[in-house]
Amino acid sequence: MEELTLGIGSRVQHAHYGPGVIIGLRYAQYQVTFMDHGIKLIDKTDPLFEALVAENVTTEVETLSEVEMSLLKILRLWGGTSEVVPLGDRWKNGTLVLQPGDSSLKAKELPIDTFFHKIVMLRDRLRVLEQNINSHKVLSDEDKINLQQYITRIYGSLTTFNVLFRDKEHWFVGEKGGSSD
């Protein structure tokens with residue numbers, strides 16, 4: 001038999017704390033407000049605890065801990081935007097060398113994989129920005145189009161980095177036939 005989880009709003013009784021109402025759920029505990037004892041965490045298996053009026057009963061474990069809420073927020077924000085983007089084969093294990101014009105200064109070397117990862121993150125964040133603009137409730141259609149044009153120009157400025165991508169489908173694409181920045 002499946003164990004049922006009482007939902008928020010359920011009226012309960014505890015032998016020590018008296019009557020209360022479930023106000024929060026944890027994996028193994030209920031967060032309950034008791035009339036005379038305030039908010040307490042009660043184990044779901046506590047033998048001194050009983051349900052009087054069950055509300056929102058479910059077989060699934062639903063929790064609302066702060067960590068889980070933060071994780072859900074992150075997943076919603078970044079869900080679907082981070083894909084595996086392969087680096088061009090000829091660049092694997094390579095190094096990016098930035099040589100200053102002044103020969104007395106030391107060159108900066110950076111693994112190309114690290115640089116590539118930053119380029120991919122930039123591209124993903126631009127995509128999220130585009131989605132946020134398109135779904136914005138206050139911006140007018142004209143405002144959205146104007147902001148989209150700036151993003152398109154940014155993509156155009158980043159086309160130099162397309163040489164790093166293995167697959168053309170991951171390339172930055174700016175305005176077709178327009179002047180490049």
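**Salt bridges and aromatic contacts in the predicted model**

Asp167 has a relative accessible area of 23%, so this residue counts as partly exposed. The cut-off for burial is under 20%. These values come from a predicted model. Asp167 forms a salt bridge with Arg166. In this pair, the closest N and O atoms are 3.3 Å apart. Arg166 is also partly exposed, because its relative accessible area is 45%.

The structure contains three salt bridges. Side chains of opposite charge can pair when their charged atoms come close. Besides the pair of Asp167 and Arg166, a salt bridge joins Lys92 to Asp89. Here the closest N and O atoms lie 3.2 Å apart. Lys92 is partly exposed, because its relative accessibility is 43%. Asp89 has a relative accessible area of 52% and is therefore exposed; the class of exposed residues begins over 50%. A salt bridge also connects Arg123 with Asp124. Their closest N and O atoms are 3.3 Å apart. Arg123 is buried, and Asp124 is buried too.

Aromatic contacts were examined next. Six aromatic pairs are present in the structure. One of them joins Phe116 and Phe165, whose ring centres are 5.1 Å apart. The planes of these two rings meet at 65 degrees, so the pair of Phe116 and Phe165 is edge-to-face. An angle over 60 degrees places a pair in that class.

The charged end of Arg153 sits over the ring of Tyr150. Its distance from the centre of that ring is 5.5 Å. Lys44 lies over the face of Tyr30. For Lys44, the distance from the ring centre is 5.2 Å.

Definitions and conventions. Residues are numbered from 1 along each chain as its sequence is written. This is a predicted model: local features need pLDDT of at least 70, side-chain atom pairs count only at pLDDT 80 or more; totals for chains, interfaces and linings use all residues. Side-chain values use heavy atoms; hydrogens and water are left out. Rings of Phe, Tyr and Trp (its six-membered ring) pair if their centres lie within 6.5 Å; planes under 30 degrees apart count as stacked, over 60 as edge-to-face and the rest as tilted. A charge sits over a ring if NZ of Lys or CZ of Arg is within 6 Å of the ring centre and within 35 degrees of the ring normal. A salt bridge is a side-chain nitrogen of Lys or Arg within 4 Å of a carboxyl oxygen of Asp or Glu. Buried means under 20% relative accessible area, exposed over 50%, partly exposed in between (1.4 Å probe, protein chains only).
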